[in-house]
Amino acid sequence: MKAAVLHAANEPLTIEEVTLQKPKAREVLVRTAFAGLCHSDLHFIEGLYPHPMPTVPGHEVAGVVEAVGSDVTYLSPGDHVIGCLSVFCGACQQCTGGRTVLCENTEVKMVPGQSRRLSWKGGELMHQFLNLSAFAEQMVVHENALVKIDRDIPLDHATLVGCGVITGVGAVINTARVPAGSTVAVIGCGGVGLSAVNGAALAGASRIIALDTLPEKLELAKVMGATDTVLVGNDDPVQAVKDLTNGGVEFSFEALGLKKTAEQAFAMLRPGGTATIVGMVPFGQKIELHGFDFLRERKIQGSSMGSNHFRTDMPRLLTMWQQGRLKLDHLISSTLKLEEINDGFKRLKGGHVVRQLIAF
């Protein structure tokens with residue numbers, strides 16, 4: 001099969017012929033339909049997070065089941081599915097405690113470098129990325145990395161839910177549990193940030209302040225449910241939020257993965273407020289906060305993939321899209337061929353696109 005391969009950080013991806021193993025026990029072969037270009041992939045491409053190479057990146061994905069291995073009971077050939085990097089075992093302490101997103105079973109949620117599902121050049125190891133490797137015509141994954149969806153859901157829209165939407169909406173509803181009537185600020189209006197804005201609207205927040213450096217992103221944020229926008233430039237965004245809310249917001253969400261904006265998310269809280277860091281701050285980088293602020297019961301927390309229970313959450317989100325409550329159509333900037341993937345990542349880094357999808 002054809003796949004986009006990352007050989008080294010900060011090098012272009014190359015289109016290679018890669019071989020897949022046949023699905024073994026509890027594994028599923030999926031024909032990829034669409035894969036989204038996500039900033040998380042870009043972090044690994046730019047070397048901000050470590051991963052063994054060569055590897056086939058990609059993790060936001062939807063497709064159709066082609067074959068199943070032994071002991072697979074949840075799926076059958078022909079099923080439409082969304083993949084999720086939050087693969088779970090269902091039996092470890094985290095899973096049985098209700099936090100499947102934090103599954104600790106490394107036989108199912110394999111650590112980077114452990115998988116042997118991909119190879120190339122007649123048998124050399126090709127590393128699987130986050131137990132998925134979506135930038136390929138096919139994937140072999142554990143059945144617990146997939147959720148079955150209705151066949152009338154367009155697979156391009158379903159792909160969006162696989163990472164960006166579940167991460168943004170989930171951070172608001174699952175991680176922070178924003179109550180109705182709350183004040184919310186969202187820093188960064190890419191796919192994840194816009195989904196957080198939409199999640200805040202679904203949660204019934206009374207004020208939703210979107211912050212970004214690009215006017216077109218702020219216009220889109222209004223469509224997703226923002227009540228106020230702040231164009232970040234020369235002025236202090238923290239002070240702008242405090243001025244709009246008479247002292248700060250109750251909940252803030254950082255969706256860029258930057259040290260500076262993570263610190264701003266905490267600084268714009270009113271006493272008792274909670275900042276949720278959704279973006280991937282570069283590996284090894286530290287966030288600095290004023291200790292005094294904690295005396296007023298301000299909190300800062302992380303969110304992994306929106307604290308999802310994806311087999312429950314994703315079908316519910318798609319139902320809300322069918323009802324017109326969840327906004328997905330506005331997130332798709334364009335579709336690309338696999339061979340155009342490097343150009344797509346250049347546009348993503350420039351910030352002027354939301355979600356580009358590779359159509360297989």
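A polar contact is a pair of N or O atoms within 3.5 Å; within protein, one must be able to donate a hydrogen and the other to accept it, and residues adjacent in sequence count only if both atoms are side-chain atoms. The model shown in these views is predicted: local features need pLDDT of at least 70, side-chain atom pairs count only at pLDDT 80 or more, and totals for chains, interfaces and linings use all residues. Residues are numbered from 1 along each chain as its sequence is written, and side-chain values use heavy atoms, with hydrogens and water left out.

View 1. Domain 1 covers 2–162 + 330–359 and domain 2 covers 168–304, with bounds from an automatic or database domain assignment. Their C-alpha centres are 28 Å apart.

**View 2. A closer look at the interface.** About 1,300 Å² is buried between domain 1 and domain 2, with 70% of that area from carbon and sulfur atoms; buried area is the accessible area (1.4 Å probe) that two parts lose on being put together, summed over both. Across this interface 5 residue pairs are in polar contact (both at pLDDT 80 or more). Helices (H or I, at least four residues) and strands (E, at least two) are DSSP runs, numbered from the N terminus.

**View 3. A salt bridge between arginine 117 and glutamate 27.** Here the two side chains meet at 2.8 Å, N to O. Arginine 117 sits in the loop between helix 2 (93–96) and strand 8, and glutamate 27 in strand 4 (residues 27–36), so the pair ties together parts that are 90 residues apart in sequence. The structure holds 12 salt bridges, each a side-chain nitrogen of Lys or Arg within 4 Å of a carboxyl oxygen of Asp or Glu. Across the interface of domain 1 and domain 2, the rule finds 0.

View 4. Most residues other than glycine have a negative phi, and most peptide bonds are trans. The bond from methionine 53 to proline 54 is cis, with omega near 5°; proline 54 lies in the loop between helix 1 and strand 5 (55–56). Lysine 121, not a glycine, has a positive phi of about 50°. This lysine 121 is in the loop between strand 8 (118–120) and strand 9 (124–128).
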